[in-house]
Amino acid sequence: MSKKSALVTGASRGIGRGIAIELAKAGYRVAINYAGNLEAANEALALVRAAGGDGFIVQGDVAVAADRIRLVTETVAHFGRIDLLVNNAGVGPKVRADLLDAGEESFDRLFAINLKGPFFLSQQVAKQFLTQEPDANGFRGRIVNITSISVYTASINRGDYCMVKAGLSMMTKLFADRLATHGVNVYEIRPGVIATDLTSGVKEKYDKLIIHDERGITPIRRWGRPEDVGLAVRAIAEDRFPFTTGASFDVDGGFGMHRL
Ligand code: NAP
């Protein structure tokens with residue numbers, strides 16, 4: 001059986017890297033997209049190979065239309081088809097600003113990278129899916145969007161981030177509805193607090209909230225790891241949820257449940 005292939009945005013570091021490694025363990029070939037950190041991308045590729053997979057690295061800013069086109073054409077050129085798109089690349093605000101002071105520059109940056117990029121990349125990949133023959137499981141492709149607990153958790157010092165992630169959550173449903181009859185399922189994964197470069201600046205704050213406080217913000221009292229998210233994407237990539245689309249999975253240590 002020929003190997004399946006995935007395009008994972010922002011796969012050089014953090015959660016995206018964890019996803020790429022788990023996909024490699026499932027036998028996927030992975031297009032490892034990165035924005036600027038070539039060294040990290042090469043490391044990720046080496047780890048993918050060590051995990052039994054293969055792939056290549058591809059630079060590209062998901063906020064830039066020409067780069068998105070190149071990501072897809074290069075992935076198809078390498079692999080012949082795309083079986084899975086993971087919209088993982090994302091950034092937080094450079095400065096956390098109170099809702100009443102939050103500026104347009106940060107809003108525009110987050111909107112472009114975290115929502116506009118995934119939307120138009122999904123549109124492009126969806127059109128690629130429609131040209132493909134269904135695989136052995138009847139799928140022309142799959143899309144996974146990495147959102148956040150911020151989809152439903154109000155953080156008034158990074159409202160822009162919360163709003164674009166909520167938009168990405170809706171995007172999951174839109175693409176799921178549009179593509180279901182074409183052999184494409186679409187999923188959302190909502191990570192909780194995961195130890196990556198993105199959260200390294202708030203380590204002390206979250207150590208306290210998760211581990212040291214008498215009753216942690218998560219019932220599972222540890223930070224999430226990139227592989228926790230990777231395992232969830234892998235389950236989707238291995239078609240463990242063929243009758244599920246437009247749905248979200250919480251990978252958050254139980255953060256989302258109401259507790260009394
Ligand atoms: P991270 O460690 O900062 O890694 C970000 C990744 O995205 C890097 O590979 C980076 O590439 C890439 N990237 C950044 N801007 C890009 C752009 N414009 N185009 C293409 N790639 C770009 O972040 P992370 O914590 O792994 O977060 C990954 C995703 O999970 C994000 O969508 C984030 O919102 C979401 N998330 C994270 C957490 C958490 O607690 N960490 C929780 C919930 C959701 P370079 O290496 O080249 O810079």
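Let's start with helix α3, residues 65–79: its 15 residues reach 22 Å from first C-alpha to last, close to the 21 Å expected at 1.5 Å a residue. (The expected span is 1.5 Å times one less than the number of residues.) This is a predicted model, where local features need pLDDT of at least 70, side-chain atom pairs count only at pLDDT 80 or more, and totals for chains, interfaces and linings use all residues. Residues are numbered from 1 along each chain as its sequence is written, and side-chain values use heavy atoms, leaving out hydrogens and water.

- D67, R68, L71, V72, T75 and F79 are the buried residues of α3 (buried means under 20% relative accessible area, exposed over 50%, partly exposed in between, with a 1.4 Å probe and protein chains only).
- Look down the axis of α3 and those buried residues fall within an arc of 135 degrees, so they line one face of the helix.
- An α-helix has 3.6 residues a turn, so residues three or four places apart point the same way.
- A66 and A77 are exposed on the other side of α3.
- The cover over the buried residues includes β1 (5–8), β2 (29–34), β3 (54–59) and α4.

**How α4 meets α5**

- The axes of α4 (residues 104–131) and α5 (residues 159–179) come within 9 Å and cross at roughly 10 degrees.
- α4 and α5 are therefore roughly parallel (that label is for angles under 35 degrees).
- Residues making the contact (heavy atoms within 4.5 Å) include F107, L110 and F111 of α4 and Y161, M163 and V164 of α5.

How values were computed
Axes fitted to C-alpha atoms, helices over the stretch in contact; angles between N-to-C directions. Helix = DSSP H or I, 4+ residues; strand = E, 2+ residues; numbered from the N terminus. Parallel < 35°, antiparallel > 145°, perpendicular 65-115°, else oblique. Arc of directions from axis to C-beta.
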